[in-house]
Amino acid sequence: MISRRALELATAVLTGGFGVAVIVSSLDNGIGWSSAGVEAGTFPFLTGIIIVLGSLYNLARGVLPAPTLASVPIAITPIELRRLAGLFVPAALFVAAIPLAGMYVASALYVFAVLAIPKHQSVPRALAMAAATALALYVVFERMFQVSLPHGALAAALGF
């Protein structure tokens, strides 16, 4: 079981880390003014500052004792944690599969996994929806927008 306080502290640290990453990457793009106007990193830099400040506020509220929801002893029960893992684990595997299998294959596998494995849909229907998802992504991005999504190491090995 996870306490509400631990959950709020972990969220504050994660969002703070994201804010710091935004700040660091915007510094690479340049902040301030140039002869052409505002440099590309200025607005992401300001956004990163806002994210970090909000995360510090949440961190302080999570650390300091106060009669708030942070004092609730249990935030996630084992059943809720299992449901959360059922949502997060397939999404993490999908992101991890993109460099290997490519966006189209990974998307099809993800749609199939979230529909067929928990038995939300029958296997043939899940296969049809997975194929339709991959085909729709291909048509919209490759043909209509003419933007190539990652094809992955599998496509490179097969010569696509």
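Reader: How many Å separate the centres of domain 1 and domain 2?
Author: The centres are 30 Å apart, taken over C-alpha atoms. Keep in mind that this is a predicted model.

Reader: Where does each domain run?
Author: Domain 1 covers 2–76. Domain 2 covers 78–158.

Reader: Let's talk about the core. Which residues touch the most other members of the largest nonpolar core?
Author: F94, I98 and M103 do. That core has 13 residues.

Reader: Which elements give two or more residues to this core?
Author: There are α3 (78–101), α4 (103–116) and α5 (123–144). Helix α4 gives the most, with seven residues.

Reader: Is S107 buried or exposed?
Author: S107 is buried, because its relative accessibility is 5% and the cut-off for buried is under 20%.

Reader: What is S107 in contact with, leaving aside neighbours within four places in sequence?
Author: S107 is in contact with F94, T133 and L137.

Reader: What about A108?
Author: A108 also lies in helix α4. A108 has 18% relative accessibility, so A108 counts as buried.

Reader: Which residues does A108 touch, not counting those up to four places away in sequence?
Author: A108 touches A130 and A134.

Reader: And how far apart are A108 and A131 in space?
Author: They are 6.0 Å apart, C-alpha to C-alpha. In sequence, A108 and A131 are 23 residues apart.

Reader: New topic: V139. Which helix is V139 in?
Author: V139 is in helix α5.

Reader: Why does V139 count as partly exposed?
Author: V139 counts as partly exposed because its relative accessibility is 34%.

Reader: How far apart are V139 and A128 in space?
Author: V139 and A128 are 16 Å apart, C-alpha to C-alpha. They are eleven residues apart in sequence.

Reader: On to pockets. What volume does the largest pocket have?
Author: The largest pocket has a volume of about 190 Å³.

Reader: Which residues line the largest pocket?
Author: The lining is made of G86, L87, P90, A113, V114, I117, P118 and H120. Helices α3 and α4 each supply at least two residues of this lining. The largest share, three residues, comes from α3.

Reader: How do the lining residues of the largest pocket divide into nonpolar, polar and charged?
Author: Six are nonpolar, two are polar and no residue is charged.

Reader: What about the second largest pocket?
Author: The second largest pocket has a volume of about 160 Å³. Its lining consists of A101, G102, M103, Y104, V105, H151, L154, A155, L158 and F160. The elements that give two or more residues to this lining are α4 and α6 (152–158).

Reader: And what is the lining of the second largest pocket by class?
Author: The lining of the second largest pocket has eight nonpolar, two polar and no charged residues.

Reader: M103 keeps coming up. Where have we met M103?
Author: M103 is one of the core residues that touch the most other members.

Terms used. Residues numbered from 1 in each chain as written. Predicted model: local features only at pLDDT ≥ 70, side-chain atom pairs only at ≥ 80, totals over all residues. Heavy atoms only, no water. Domains from an automatic or database assignment. Core = buried A, V, L, I, M, F, W, Y, C linked by side-chain atoms within 4.5 Å. Buried < 20%, exposed > 50% of the residue type's maximum accessible area, 1.4 Å probe, protein only. Helix = DSSP H or I, 4+ residues; strand = E, 2+ residues; numbered from the N terminus. 1 Å grid on protein atoms, 1.4 Å probe; cavity = no way out; pocket = protein on both sides within 12 Å on 5 of 7 lines; lining within 4 Å. Points joined across faces, edges and corners; volume = space filled by probe spheres on them. Nonpolar A, V, L, I, M, F, W, Y, C, P; charged D, E, K, R; others polar. Contact = heavy atoms within 4.5 Å.
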